[in-house]
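Thank you all for coming. Please have a look at the model on the screen before I go on.

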Amino acid sequence: MRLRTFDYRHAELILARKCHLKTEIEFILCHLQLDTCYYIRRGQPVPPHRQIQRAFEERGWFAEVAASPLTGARTRFDLSKEGVAIEIETSSREYLYRDYFRFMLAESQGILRVGIIILLDKSLRAADPHAFRSISPRLDDVIYDLRCLSSWISVPIWAVSLR
């Protein structure tokens with residue numbers, strides 16, 4: 001897998017300080033073998049979102065972690081480890097705004113140092129039947145949002161598009 005990235009508020013620099021995490025994230029993402037036709041396990045299709053989540057879980061990341069003790073189970077990150085939270089967005093651009101707010105909430109409570117958003121490139125989105133192809137989030141959407149909302153969003157965010 002190839003990566004196309006966007007660094008917002010020095011997220012990569014902060015991750016580099018936790019060198020093993022940045023290296024680990026890049027290793028996991030670069031070595032992903034997404035089965036865009038879906039990997040069938042026990043008769044059940046496994047969507048790309050879950051395939052990515054599993055790849056991180058195998059390396060010690062925690063899935064579905066509460067973003068805040070105040071919201072509990074209602075607000076969860078897809079993945080989390082050592083002050084870094086990951087959101088995997090494959091379906092609708094609207095969900096990016098929920099991710100930004102989750103990141104802001106967790107940062108305001110001292111839980112989060114860096115937020116990461118993982119997106120699928122156009123070719124991978126097209127192969128995902130759960131993605132709304134016309135409104136699926138793109139890296140350019142994240143770049144646009146973060147530039148427009150820079151006076152409100154102070155959380156360091158690293159956006160990564162898988163190609």
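Which residues line the largest pocket? Before I answer, this is a predicted model, in which local features need pLDDT of at least 70 and side-chain atom pairs count only at pLDDT 80 or more, while totals for chains, interfaces and linings use all residues. Residues are numbered from 1 along each chain as its sequence is written, and side-chain values use heavy atoms, with hydrogens and water left out.

The lining of the largest pocket consists of Phe-27, Ile-28, His-31, Leu-32, Gln-33, Leu-34, Gln-51, Arg-54, Ala-55, Glu-58 and Arg-59. A pocket here is an open set of points on a 1 Å grid over the protein atoms alone, where a 1.4 Å probe fits, with protein on both sides within 12 Å along at least five of seven lines, and lining residues have an atom within 4 Å of a point. Two or more of the lining residues come from each of helix H2 (19–30) and helix H3 (48–57), with H3 giving the most, 3 residues; helices are DSSP runs of H or I with at least four residues, and strands are runs of E with at least two.

H3 also packs on the sheet, where it touches E4, strand E5 (76–81), E6, E7 and E8, contact meaning heavy atoms within 4.5 Å.

Let me finish with Val-84, which sits in strand E6 (residues 84–89). Val-84 counts as buried because its relative accessibility is 1%, the cut-off for buried being under 20% relative accessible area with a 1.4 Å probe, protein chains only. Not counting residues up to four places away in sequence, Val-84 touches Leu-15, Leu-21, Trp-61, Leu-79, Leu-112, Val-114 and Ile-116.

Conventions
Buried means under 20% relative accessible area, exposed over 50%, partly exposed in between (1.4 Å probe, protein chains only). Axes are lines fitted to C-alpha atoms, for helices over the stretch in contact, and angles run from 0 to 180 degrees between N-to-C directions.
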